[in-house]
Amino acid sequence: MGFIEEVKNKAKANLQTIVLPETNDIRTLQAAHTILKEKIANLILIGDEAQIKQEAKDLNLEGATFINPQSCDELENYVELFVKLRGHKGLSEKSARAMLLENPLYFGVALVKSKKADGMVAGAINSTADVLRASLQILGTKKTSKLVSAFFIMVVPNCEYGENGVFIFSDSGLVQNPNAEELASIAIDSAYSFKALVGAEPVVAMLSHSTKGSAKHPDVDKVIEATALAKALDSSIALDGEFQLDAAIVPSVGASKAPQSTCAGKANVLVFPDLDAGNIGYKLVQRLAKAEAYGPITQGISAPVNDLSRGCSAEDIVGVVAITALQAQQQK
């Protein structure tokens, strides 16, 4: 059974409610049809029910909950909540109401904050910045996280490395150039994400162009410092660095280059020193090794909200909804 099928089965075992705010996009409606048919999650679709069903045409959306912000009985409660959260930043009641009525992203996140839903998936027709802005203004970061970051789950076919070819690559989608403290936080959050989504013990490698002092450079120093900080944050996690990629995942190379490390050659969570490396790395593996790449999956938000590529397929949306549902299970 493939990784995403396992995630779907776990999601089906304990149904979560996920908001899909982009109901004017046919891929979202196609995904909703599949999710409801396969009973992967309960869905809230934001917008006018008649209009959504007309757009969906012959797609069966039976079982979905439709909420139209324009006629929602609880709108004023969400306005009050939004002002309470952002009033100190100058948000007025009038502006809060307008944002909730006019921008489904904000309304969807308000549903999550109010516990009407367990998570949200968007980004098919909205930018990453827009999705995250709504999420952070209403939900904020988790108390245990210093920042929001993003990772890809990479499933590499016929691969003897990682967890039977499954890895997390982080941060490969969001944080441009993390400092040592931020990199440490990304590493710890990624380890937790691996455990939650893959169900195996994480082994974290802090990647560099150097292995255990083989090169001297300020970029290497950052990774060395981040490794020490991450170990201090949670010493129970198997985590080490700095490693070159081969020393991180190939047992024979790890034993040769870092013989004192219990993590060398065994890593399944790869933490890249910056976004350039992470983004290039995941795309190389996706294209050259024909790996499945699921993401960017966000971590660090106080409730699960995940972004989509604007080039995503309906199938991609189904997979991200299943992952979001599993994140929601784990956070409860």
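pLDDT is the predictor's confidence in each residue, on a scale from 0 to 100. You'll need it here, since this is a predicted model: local features need pLDDT of at least 70, side-chain atom pairs count only at pLDDT 80 or more, and totals for chains, interfaces and linings use all residues. Residues are numbered from 1 along each chain as its sequence is written, and side-chain values use heavy atoms, with hydrogens and water left out.

**Confidence**
- The chain has a mean pLDDT of 92, and 100% of its residues reach 70 or more.
- Confidence is lowest in β10, with a mean of 86, and highest in strand β9 (residues 269-271), at 98.
- Those labels come from DSSP runs numbered from the N terminus: helices are H or I with at least four residues, strands are E with at least two.

**Helix α6**
- Just past the helix, Lys 115 has a positive phi of about 70 degrees.

**Thr 324**
- You'll find Thr 324 in helix α13 (residues 314-331), and its relative accessible area is 0%, so it is buried.
- Thr 324 and Lys 12 are 312 residues apart along the chain, yet their C-alpha atoms are separated by 12 Å.

**The largest pocket**
- A pocket is an open set of points on a 1 Å grid over the protein atoms alone, with protein on both sides within 12 Å along at least five of seven lines; a cavity is a set where a 1.4 Å probe fits but cannot get out, and lining residues have an atom within 4 Å of a point.
- The largest pocket has a volume of about 650 Å³, where volume is the space filled by probe spheres set on grid points joined across faces, edges and corners.
- Its lining has 30 residues, and Ala 293, Tyr 294, Gly 295, Ser 309 and Asp 316 lie nearest the centre.
- α1 (3-13), α12 (275-288), β10 and α13 each supply at least two residues of this pocket's lining.

**The largest cavity**
- The largest cavity has a volume of about 30 Å³.
- Its lining includes Thr 128, Leu 132 and Asp 307.
- Domain 1 (3-140 + 303-330) and domain 2 (149-289) both give residues to that lining, so the cavity lies between them; the domain bounds come from an automatic or database domain assignment.

Conventions: Buried means under 20% relative accessible area, exposed over 50%, partly exposed in between (1.4 Å probe, protein chains only).
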